[in-house]
Amino acid sequence: MNKSTSNNQSPKVERKTIEKNRRIHMNILCSKLASLIPQHHVTTSLDLLSRQDQLDQATSYIKQLKERIDGLKLRKNQAVLKSEGIGTSSSLTSSIDQEANLGFMLPVFQLRDHGLGLEVILISGRRKNFMLYEVISILEEEGAEVVSASFSVVGDKIFHTLHAQVRLCRIGVETTRVYERLKELIH
């Protein structure tokens, strides 16, 4: 009879220990998170705030950082597009296309030839979007291999950046053909 009683108590003690360790671990993680928040962002001392308030402060700070990053990405993309005149590095875009792109008439499209690599920058609106896999298919059909692709959404604009490299150096990629095919797809 004593055996069954001790067996029943052992799982309870084990569960209590596991739960206690989990709470200690969560408290440590919350403290680490709270320590990352700069003092100028916190309304009152973090020591006086409850765990819930500390998490709310951290969430607010992370959201603020994300908005700032999105804004900086937008400013960077605009500065790059303006400074390079939309496509001046590849000399494939006409002056009419450049003027339209500088005014941000969506979609904006730029193709840069870097010798053995290509960079495709696409800016579209949420309403006028295209299938990214179609852009990747065109690049691969023309002999380029996409090595990275990224996008970010800022306001009502979607910024896509694709980096591709030539699959076979001897054959290369016909940049003009890629440009025409992508332009046809996007517009």
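Q: Which residue in strand 4 stands opposite Leu-118?
A: Leu-118 stands opposite Ala-164 in strand 4, strands being DSSP runs of E with at least two residues and helices runs of H or I with at least four, numbered from the N terminus. This is a predicted model, in which local features need pLDDT of at least 70 and side-chain atom pairs count only at pLDDT 80 or more, while totals for chains, interfaces and linings use all residues. Residues are numbered from 1 along each chain as its sequence is written, and side-chain values use heavy atoms, with hydrogens and water left out.

Q: In what sense do strand 2 and strand 4 pair?
A: Strand 2 and strand 4 pair in the antiparallel sense over 9 bridges (pairing requires at least two DSSP bridges), and strand 1 and strand 2 also pair in the antiparallel sense, over 6 bridges, with Ile-121 in strand 2 as the bridge partner of Gln-110. In the hairpin of strand 1 and strand 2, 3 residues lie between the strands, and Gly-115 takes a positive phi near 75 degrees.

Q: Which residues lie on each side of strand 2?
A: In a regular strand the side chains alternate between the two faces of the sheet. Here Gly-117, Glu-119, Ile-121, Ile-123 and Gly-125 lie on one side and Leu-118, Val-120, Leu-122 and Ser-124 on the other, all of them buried (under 20% relative accessible area, 1.4 Å probe, protein chains only). Because 9 of the 9 residues of strand 2 are buried, the strand is largely enclosed by the rest of the structure.

Q: Which residues does Leu-139 touch?
A: Leu-139 touches Leu-118, Val-120, Ala-144, Val-146, Leu-162, Ala-164 and Val-178, not counting residues up to four places away in sequence (contact means heavy atoms within 4.5 Å).

Terms used. Buried < 20%, exposed > 50% of the residue type's maximum accessible area, 1.4 Å probe, protein only.
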